[in-house]
Amino acid sequence: MMKISKIEYYLPQGVLTNEDLEKQFPEWSSERIKEKVGIAQRHISSENETVLDMAVHSSEKVFENYDKDKVDFILFCTQSPEYFLPTTACILQDRLGLRKNIGAIDFNLGCSGFVYGLAFAKGLISAGIAKSILLVTSETYTKHIHPDDKGNRSIFGDASASAIIEKAEGSDYQFCLGTDGSGAENLIVKKGAFKKDFELNPEHDFSPENIYMNGPEIFNFTIENIPGLVKETLEVNQMTMDDIDHFVFHQANSFMLNYLRKKTKIPVEKFYIDMENTGNTVSATIPIALKNMMNKGMLKEGDKVLMAGFGVGYSWGATIIEI
């Protein structure tokens, strides 16, 4: 079994409130935005602030009370890396002053990234390759968004979360992972890498360098797949809903989460929603939620938490951790 020993996160200083959006888009009210997506404000990285800068901040907070010399592997999840090459995780090793005889790798995933990172960490630990893993989820989606894209600007925020994953005694919980690349075009940044012969979506009014999201299709994908993911995760771990103390899903938006909760029949007191002051921070939403739950005293030793991430790719994953 593995455990999450430490979690810390960093939020950029810049803040975009609903009132700010209302000034730019007077047809929207701040109350309507909060009612629709459950978000009051989002943190926005500055022009020169990158996922690496944010990762340094969140990781240094971890090392305030954890010996960084124990770390023997870095897993860095981001879809807005510092460079095409080299790997951002390699630069993070140097910026943090970590040992040189460690592994470091980036992986490109969005909202399922934290769960996938835990799966990779489990594999490394089980194989005896690593004992202490720094799992970083850091994202600056707002740099992909066109200034006039009020829909995506109301949802996404920037953040970095850093967690220490270590081997532990106890039950060995299984992962359920999924992929459906046929939905790739419904959440995409078409221009910026090496593909040149792409077509624009006719309803996409912005540059191909900006993020495009087909909200209805993303919603349909989520509703069609995530209830089954929860059921499958409980079954492979030979558990029932009653065995789980908390459910922490990717914090996409409150409307989607409440719809999922009702569809999966999860008791409201077990279902955690926390995005009002951060927005959808992509791969960082689950670790931020877990840290906030810890800060509020909501998690106690022995609690079992079912986590589910889902989104761009399409990609999804779930597992159970024990506090």
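Trainee: Which residue is the bridge partner of Glu 8 in E7?
Mentor: Glu 8 has Ser 162 as its bridge partner in E7. Strands (E, at least two residues) and helices (H or I, at least four) are DSSP runs numbered from the N terminus. This is a predicted model, where local features need pLDDT of at least 70, side-chain atom pairs count only at pLDDT 80 or more, and totals for chains, interfaces and linings use all residues. Residues are numbered from 1 along each chain as its sequence is written, and side-chain values use heavy atoms, without hydrogens and water.

Trainee: And in which sense do E1 and E7 pair?
Mentor: Strand E7, residues 159-167, pairs with E1 in the antiparallel sense, and 8 bridges join the two. Two strands count as paired if DSSP finds at least two bridges between them.

Trainee: What packs on that sheet, touching E1, E4, E6 and E7?
Mentor: Helix H3, made of residues 51-62, packs there. The helix touches E1, strand E4 (73-77), strand E6 (132-139) and E7, contact being heavy atoms within 4.5 Å. The direction of H3 makes about 45° with that of E7. Such angles run from 0 to 180 degrees between N-to-C directions of lines fitted to C-alpha atoms, for helices over the stretch in contact.

Trainee: Which strands does H9 touch there?
Mentor: H9 touches E1, E6 and E7 as it packs on the sheet. Its direction stands at about 95° to that of E1.

Trainee: What is the strand order in this sheet of 5 strands?
Mentor: The order is E1-E7-E6-E4-E5, in an open sheet with mixed pairing.

Trainee: Why is one side of E1 and of E5 left without a neighbour in the sheet?
Mentor: Strand E1 (2-10) and strand E5 (103-107) stand at the edges and have a single partner strand each, so one side of each has no neighbour in the sheet. From one strand to the next, the twist averages 15°.

Trainee: Changing topic, what is the order of the sheet of 4 strands?
Mentor: That open sheet runs E8-E13-E12-E11, and its pairing is mixed. Strand E8 (176-179) and strand E11 (246-249) are at the edges; each has a single partner strand, so one side of each lacks a neighbour in the sheet. The twist averages 15° from one strand to the next here.

Trainee: How many bridges join E8 to E13?
Mentor: E8 and strand E13, residues 315-322, run antiparallel and are joined by 4 bridges. Within this pairing, Leu 177 stands opposite Gly 317 of E13.

Trainee: And which helix lies across E11, E12 and E13?
Mentor: Helix H9, residues 285-295, lies across E11, strand E12 (304-311) and E13. H9 runs at about 145° to E11. As noted, H9 also packs on the sheet that contains E1, E6 and E7.

Trainee: Turning to side chains, how many aromatic pairs does the structure hold?
Mentor: The structure holds 10 aromatic pairs. Rings of Phe, Tyr and Trp (its six-membered ring) pair if their centres lie within 6.5 Å, with planes under 30 degrees apart counted as stacked, over 60 as edge-to-face and the rest as tilted. One of the pairs is Phe 249 with Phe 271, which is edge-to-face at 5.1 Å centre to centre, with 80° between the planes.

Trainee: Where in the chain are Phe 249 and Phe 271?
Mentor: Phe 249 belongs to strand E11, whereas Phe 271 is in the loop between helix H8 (254-264) and H9. The two are 22 residues apart, and the pair links distant parts of the chain.
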